[in-house]
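Please look over the sequence and the fold before reading on. The paragraphs below go from the whole chain to single residues.

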Amino acid sequence: MMAIQRSNCFHARGEQDPCHASSNVYMIMFGIVQVFFSQIPDFDQVWWLSILAAVMSFTYSAVGLALGAAQVAQNRTFAGSAMGVAVGFVTKTGDVVTPAQKVWRNLQALGDIAFAYSYSIILIEIQDTLRSPPAEARTMRKATGISVVVTSVFYLLCGCMGYAAFGDDAPGNLLTGFGFYRPYWLLDVANMAIVVHLVGAYQVYCQPLFAFMERRAERRWPNGLPGGDYELGLAWIKWKVSVFRLAWRTCFVAVTTVVAMLLPFFNDVVGILGALGFWPLTVYFPVEMYIAHRRIRRWTTTWVGLQALSLACLLVSLAAAVGSIAGVLLDLKSYRPFRSTY
């Protein structure tokens, strides 16, 4: 949403205007939208949600890839180098990339990549949105295989083409890169696709937590949740509202919104989340469940191979966590709470 505002500003006022924008207003707006969406019952059962997410993801990925390719064609050469950002490079903010910072950035990148593949957290939630027949499990197995290949190809193409287009000046978000404001309407389409995607993604990620907490509350108060339920109606539309559900989900959204405003470091935070969730949720538990389900004996070739895979991914998660935390600490040096602008 900030990128949309800035691209329109560049178009209206010219390239020399800094067009600063604050993220706080947009974060609050996003939080308000999520408060309303959080009250929708059985949101995870909405079958068209997966289709909408796929269309939005393909839209902004394709736009980013196309704009990167166009920039390379305009430059008539590939920017950057095989070793990445050079030590001693001066960034747009005037900072000099030191050897230590390059190491931290490399490790943080592992966390960003790991986050992109942490879909196992919501596999069941996505499966719940699928129609049947055929069986959801069979559809999901096929969809997972196809989506991993397509996602990998798209992400690699976008990342490599973005670096080839901008070199060491490549921004964390390619859609906000210099020169990307020229086809401002296309940039707006891509960024709006991200907004729509993330509005739904927020709910898909939160629904398991909502369900878990409310099941615990129902066991704690078997005779009825605190506050009771009320039926509201508007014309012919009627729905039940749980006071407990309304209060706790609203508080949850409010807390996450405040945390987002306190830590507006997108790449660093994504790296931390990827590092924390990748090994235990994407690797360790699935591997252990597979071993138990298949009754694979200890010290067999398959068991050793799976444990080696798990150990390697654990090391990746630890390295990514270190790099991302170091990135946040560097960001905090020039950070003022609730004053995020760019």
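This is a predicted model: local features need pLDDT of at least 70, side-chain atom pairs count only at pLDDT 80 or more; totals for chains, interfaces and linings use all residues.

Residues are numbered from 1 along each chain as its sequence is written, and side-chain values use heavy atoms, with hydrogens and water left out.

The protein contains ten helices and two strands, where helices (H or I, at least four residues) and strands (E, at least two) are DSSP runs numbered from the N terminus. Read from the N terminus, the order of these elements is α-α-α-α-α-α-α-β-β-α-α-α.

Of the 342 residues in the protein, 33% count as buried, a term that stands for under 20% relative accessible area, with exposed meaning over 50% and partly exposed in between (1.4 Å probe, protein chains only). The accessible surface amounts to about 20900 Å², and carbon and sulfur atoms account for 68% of that area; such areas come from the Shrake-Rupley method with a 1.4 Å probe, and for residues only the protein chains shown count as cover. When contacts (heavy atoms within 4.5 Å) are taken between residues at least 6 apart in sequence, 71% of them join residues at least 24 apart.

Arg 76, in the loop between helix 3 (48–75) and helix 4 (99–116), has a phi near 60°, a positive value in a residue other than glycine, and Arg 76 is exposed, with a relative accessible area of 78%. Trp 299 lies in the loop between helix 9 (266–294) and helix 10 (301–332); its phi is positive, at about 70°, although Trp 299 is not a glycine, and at 66% relative accessibility Trp 299 counts as exposed.
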